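Visitor: Could you walk me through this protein with the sequence and the model side by side?
Guide: Gladly, let's have a look together.

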Amino acid sequence: MDKKIKDGMVAVLYSPGFGAGWYSWHGVEELLYDPKVVDMVLEKTSAETIELYCEEVYGKVHHYYGGAEDLEVKWLPIGTHFRIHEYDGSESVEVREEIRWIVA
């Protein structure tokens, strides 16, 4: 899987805005990291252009690329365990070591 890595950090895409989530709505793991999408977000490319690229590369029949208008990049150290948490379309990046688990 191709990832954008800079100074030992991996770029992860997520959509914190309410409405449509990014990863939580399409479920394509490669799109968490796609270097071209990361670059487009960093360059403030339009959501429409990002969605067109995703449809071309990943297909549009089974995937929804809403949430592109709110995309942000989170930089995580290589090898970090994380998950995308979604509530009402708002995504956040949760790092395993930062979650306080309660044990019965």
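Visitor: Which residue forms a salt bridge with Arg96?
Guide: First, a word on the source: this is a predicted model, in which local features need pLDDT of at least 70 and side-chain atom pairs count only at pLDDT 80 or more, while totals for chains, interfaces and linings use all residues. Residues are numbered from 1 along each chain as its sequence is written, and side-chain values use heavy atoms, with hydrogens and water left out. A salt bridge here means a side-chain nitrogen of Lys or Arg within 4 Å of a carboxyl oxygen of Asp or Glu. For Arg96, the closest N and O atoms are 3.9 Å apart, and the partner is Glu97.

Visitor: Is Glu97 buried or exposed?
Guide: Buried means under 20% relative accessible area, exposed means over 50%, and partly exposed lies in between (1.4 Å probe, protein chains only). Glu97 has a relative accessible area of 57%, so Glu97 is exposed.

Visitor: Which residue forms a salt bridge with Asp39?
Guide: Side chains of opposite charge can pair when their charged atoms come close. Asp39 sits in helix α2 (residues 35-42), and its partner lies 35 residues apart from it, in the segment before β1 (5-6). Helices (H or I, at least four residues) and strands (E, at least two) are DSSP runs, numbered from the N terminus. The closest N and O atoms are 2.9 Å apart, and the partner is Lys4.

Visitor: Which elements do the buried residues of α2 pack against?
Guide: The buried residues of this helix are Pro35, Val37, Val38, Met40 and Val41. Contact means heavy atoms within 4.5 Å. The buried residues of α2 pack against β2 (9-14), α3 (47-58) and β3 (72-77).

Visitor: Which residue reaches the backbone nitrogen of Lys36 at the start of α2?
Guide: A side-chain oxygen comes to within 2.8 Å of that nitrogen. The oxygen belongs to Asp34.

Terms used: A polar contact is a pair of N or O atoms within 3.5 Å; within protein, one must be able to donate a hydrogen and the other to accept it, and residues adjacent in sequence count only if both atoms are side-chain atoms.
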